[in-house]
Amino acid sequence: MPAARSFSRLPGFRDFAPADLALRSHVFDTWRRVARGYGFTEYDGPPLEPLGLYVEKSGEEIVEQLYAFTDKGGRQVALRPEMTPTLARMLAGRSRGMPKPIRWFSIPQLFRYERSQRGRLREHFQLNVDIVGEAGVAADAEVLAVAIDAVRGLGLGEEDFVARVNDRRLVTAVLSAAGAPGGAHAGCLAVIDKADRAGPERTRAGLGALGLPARTVGIMAEILADGSRDHLAHLFRGTAPVTDALRSLDEHRSILDSMGLGAYLRFDFKVVRGLAYYTGIVFELFDRAGELRAICGGGRYDRLLELVGGEPLPATGFGMGDVVLGELLRDRGLVPDASPSCDYYVIWVGPDQRPAGLETGRRLRAAGHSVMYSLKSQGVGKQLRAAGRAGARRALIIGPDEAAAAAATVRDMRTGSQETRPLQSLLDGEIPSCATGGKP
Ligand code: HAM
């Protein structure tokens with residue numbers, strides 16, 4: 001035998017012990033319920049994709065974080081770091097002839113080789129909700145409404161999180177009007193994306209390093225310091241692309257206002273999103289306290305399907321991670337009870353009643369109840385204590401008399417009251433069933 005070795009978990013990866021899995025399942029159940037409530041249907045794709053799917057289309061940052069390798073067939077492959085390229089690839093091959101708009105959602109596990117920190121790991125699950133085939137602003141509002149409801153469904157409210165909204169067309173229109181040449185726009189977007197973390201000085205230096213005229217850097221620095229909607233409308237009142245983009249954002253807000261979600265929105269010129277493919281309205285959800293990384297990010301990407309060989313279809317959607325959300329839910333005490341529970345714990349008084357006990361358990365399980373019993377020979381007192389630890393709602397005690405009469409003494413584990421009942425009456429549901437589990 002080789003010497004024993006211990007293995008630790010890889011950094012940035014998680015184990016899901018039952019309490020953690022209970023939280024994950026609770027989040028997934030809520031996400032599914034909310035997405036289906038808006039008429040989205042679920043899809044999935046492979047966790048491993050051709051490397052080329054991400055290079056250029058996703059943007060530099062994500063490509064640097066890829067888990068990429070050459071497979072045994074000599075293919076360059078990568079674990080998926082995000083779902084949007086997979087969605088685009090899947091639809092490129094099948095969207096023709098499908099009724100539009102397409103409303104699909106998925107909950108993939110994704111992999112990014114990031115520096116692990118609070119809210120950022122090397123794997124996470126992400127709710128992806130996308131509308132493909134609708135260019136109007138109502139689709140942008142619809143996906144943001146799903147994102148807000150997916151968080152609200154978990155018990156978080158207006159006091160807990162905010163949706164910061166912007167439009168990439170607005171930013172590029174402002175950049176052009178301020179004198180930034182088109183070739184510098186991608187670099188400017190990258191600097192603006194980091195402006196909150198970098199602060200005004202480093203942002204100004206970052207814009208300057210792109211070779212922008214000093215006047216342009218000055219205007220952009222002013223806007224980044226006070227980028228309110230009204231300030232922009234005033235500064236660029238004669239510039240049609242800016243006023244058009246602002247009008248589209250106003251309509252977006254008015255739709256969400258009508259849905260009762262206006263209080264969650266905040267216009268923020270600094271939200272441009274790090275991924276390369278966005279073309280229109282973009283948004284990110286953050287905790288109000290501003291302590292954590294983004295809960296969710298998304299936006300419009302009208303050219304991606306065409307880029308992966310599909311018909312040119314407009315699209316908008318978002319990805320919401322389970323990591324930051326989990327932190328928030330734990331902070332607020334909004335986690336589900338994961339203690340063990342079962343409907344019945346069968347106790348046999350002596351070994352002669354074991355066959356009757358096992359048969360009773362089998363029949364109750366077949367009727368949809370959860371049933372446990374001791375796996376070793378023990379006295380009734382020990383079995384009762386085990387029933388308590390198992391979170392049983394009722395214990396069924398079977399002695400010689402009960403076995404002979406196909407009955408059991410039913411003990412309510414919460415009150416301690418007990419009565420003898422025919423087994424058939426339990427199967428007939430005369431005693432309220434506890435099929436949903438829960439603590440005694
Ligand atoms: P993203 O902003 O890269 O967008 O990720 C969306 C969300 O996933 C983030 O806001 C965060 O909650 C979570 N997330 C990302 N990376 C990590 C990580 N390393 N650890 C934990 N959570 C993380 C996208 O992925 C886009 N594909 C979303 C999209 C869908 N846009 C349109 N449709």
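Just after helix 5, Gly 179 takes a positive phi of about 100°. Before we go on, note that this is a predicted model, in which local features need pLDDT of at least 70 and side-chain atom pairs count only at pLDDT 80 or more, while totals for chains, interfaces and linings use all residues. Residues are numbered from 1 along each chain as its sequence is written, and side-chain values use heavy atoms, with hydrogens and water left out.

Helices here are DSSP runs of H or I with at least four residues, and strands are runs of E with at least two, numbered from the N terminus. Helix 5 covers residues 168-177, and its buried residues are Arg 168, Leu 170, Val 171, Ala 173, Val 174 and Leu 175. Buried means under 20% relative accessible area, exposed over 50%, and partly exposed in between, using a 1.4 Å probe and protein chains only. At the start of this helix, a side-chain oxygen of Asp 167 comes to within 2.8 Å of the backbone nitrogen of Arg 169.

Let's move to strand 11, where you will find Arg 300. Arg 300 counts as buried because its relative accessibility is 1%. A polar atom of the Arg 300 side chain lies 3.5 Å from the backbone oxygen of Ala 135. Such a polar contact is a pair of N or O atoms within 3.5 Å; within protein, one must be able to donate a hydrogen and the other to accept it, and residues adjacent in sequence count only if both atoms are side-chain atoms.

Now for the ligand. It is surrounded by 26 residues, the closest being Glu 82, Thr 84, Glu 114, Asp 130 and Tyr 278; a residue is near a molecule if one of its heavy atoms lies within 4 Å of it. By class, this shell has 10 nonpolar, 10 polar and six charged residues. Here Ala, Val, Leu, Ile, Met, Phe, Trp, Tyr, Cys and Pro count as nonpolar, Asp, Glu, Lys and Arg as charged, and the others, Gly among them, as polar.

For Thr 84, a side-chain N or O atom is 2.7 Å from a ligand nitrogen. Glu 114 also places a polar side-chain atom 2.7 Å from a nitrogen of the ligand, and for Tyr 277 the distance is 2.9 Å. Taken alone, the ligand exposes 660 Å², and the protein buries 96% of that; these accessible areas come from the Shrake-Rupley method with a 1.4 Å probe. The elements giving two or more residues to the shell are strand 7 (123-132), strand 11 (296-300) and strand 12 (315-321).
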